[in-house]
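Hi everyone, thanks for coming along.

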Amino acid sequence: MEPHWDDVRIFLAVARHESLSAAGRVLKIDPATVGRRVSRLESAFGVPLFVKSPQGYALSEAGERFLEHGEAAEQAMRAATETLDRQSEGMTGQMRIGAPDGCANYLLPQVCARLGRENPDLDIQIVALPRVVNLSRREADMAIAVSAPSAGQLLVKKITDYKLHLVASQRYLRNSPALETVEDLRGRRMVGYIPDMIFDAELDYLDRLGVERVPLASNSVPVQLRLLCQDAGFGIAHDFSLPAHRTLCKVLSDKISLTRSFYLVRHQGDQRSQRLNRFSESLASGVRDEVMRLEAMS
């Protein structure tokens, strides 16, 4: 019995989400149907593709071998769909972008709003996560990252550099002793990331400044900035976020200036998709332009 493509699609969802219920939510079908379709695919191959346990569905050895072929079939179907859908000059369908929440809050709304206006038949989804987006589980079609991943079959392209500075609110600065050197930060109230929730070493700004304690912390960049706007202390902020928080001022900008980078990360097999290529180029260009525009205002 030949396997059905739709069963392969369901297999990929279970492999990525490791449960029938989670795969069903993504596919919008009930878990019982998901289970039946997985069983039908296993019958077609004559081998179990998953090892079932109370913790969920893990790929068997045969499932691991089939995964690569299933993903290749998925990419081929996507390319075929694009070929048949080229009557429209604009981009269509759905595109999901994963991004750290600083980028997702302060850059992507402007960029994606413009792309949406230019491509009215395109649905754009922004997944803002204070962690690395898992592309292997298809959490997104592409991701923006703050460091270039070195593992996995991924396409990685640098988008742009961006700047960060030490900031505090105007009122907090008026009511606090002046800072003249980096050493003066010792003992001052600091706002930053929760230390054990920093998901990338590039975000560990305060440790590199010798700060040992962060009395007010969050894993969310917008929350940190709102704390700073409430006169909570000093913290590191992206220059591109400052136009949205006019009460925050740079401090010791001649002594504390950090440069980081954004990278666009995609599945290697997706490079054959002209639709994804077009969207990724437009996204990268838009993020680059928006960083430049907002930094000039900060």
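Let's begin with the strands. Strand S3 (residues 93-99) and strand S5 (residues 142-145) run parallel and are joined by 2 bridges; strands count as paired if DSSP finds at least two bridges between them. Across that pairing, isoleucine 97 stands opposite methionine 142 of S5. S3 also pairs with strand S4 (residues 122-128), again in the parallel sense, over 7 bridges. There, glycine 98 has valine 127 in S4 as its bridge partner.

A quick word on the ground rules. This is a predicted model, with local features needing pLDDT of at least 70 and side-chain atom pairs counting only at pLDDT 80 or more, while totals for chains, interfaces and linings use all residues. Residues are numbered from 1 along each chain as its sequence is written, and side-chain values use heavy atoms, with hydrogens and water left out.

Now the overall picture. The chain has 10 helices and 11 strands, where helices (H or I, at least four residues) and strands (E, at least two) are DSSP runs numbered from the N terminus. Its C-alpha atoms fill a box of roughly 80 × 50 × 30 Å along the principal axes. Of the 298 residues, 46% count as buried, meaning under 20% relative accessible area, with exposed being over 50% and partly exposed in between (1.4 Å probe, protein chains only). Taking contacts (heavy atoms within 4.5 Å), 76% of those between residues at least 6 apart in sequence join residues at least 24 apart.

On to the interior. A nonpolar core here is a set of buried Ala, Val, Leu, Ile, Met, Phe, Trp, Tyr and Cys residues joined through side-chain atoms within 4.5 Å. The largest one has 55 residues, and Ile144, Leu166, Phe262, Leu283 and Val287 have the most contacts inside it. Helix H10 (residues 274-297) supplies the largest share of this core, 7 residues. If we set aside neighbours within four places in sequence, valine 287 touches Leu107, Leu108, Val111, Ile144, Ile159 and Phe262. There is also a second, separate core of 19 residues, including Val8, Ala13, Val34 and Phe66.

Phe66 turns up again among the aromatics: ring pairs link Phe11, Phe45, Phe50, Tyr57 and Phe66 into a cluster. Rings of Phe, Tyr and Trp (its six-membered ring) pair if their centres lie within 6.5 Å; planes under 30 degrees apart count as stacked, over 60 as edge-to-face and the rest as tilted. The structure holds 9 such pairs. One of them, tyrosine 162 with phenylalanine 262, is stacked, at 4.2 Å centre to centre and 25 degrees between the planes. Tyrosine 162 sits in strand S6 and phenylalanine 262 in strand S11 (residues 257-267), so this pair ties together parts 100 residues apart in sequence. Both tyrosine 162 and phenylalanine 262 are buried.

Next, helix H9 (residues 221-229). Which of its residues are buried? They are Val221, Pro222, Gln224, Leu225 and Leu228. These cover an arc of only 160 degrees around the axis, so they lie on the same side of H9; the arc is that of the directions from the helix axis to the C-beta atoms. After H9 comes aspartate 231, with a positive phi near 65 degrees.

Last, the cysteines. With a disulfide taken as a pair of cysteine sulfur atoms within 2.5 Å, the count comes to 0. For cysteine 103, the nearest cysteine sulfur is that of cysteine 112, 8.8 Å away. Cysteine 103 is buried at 1% relative accessibility, and cysteine 112 is buried at 9%.
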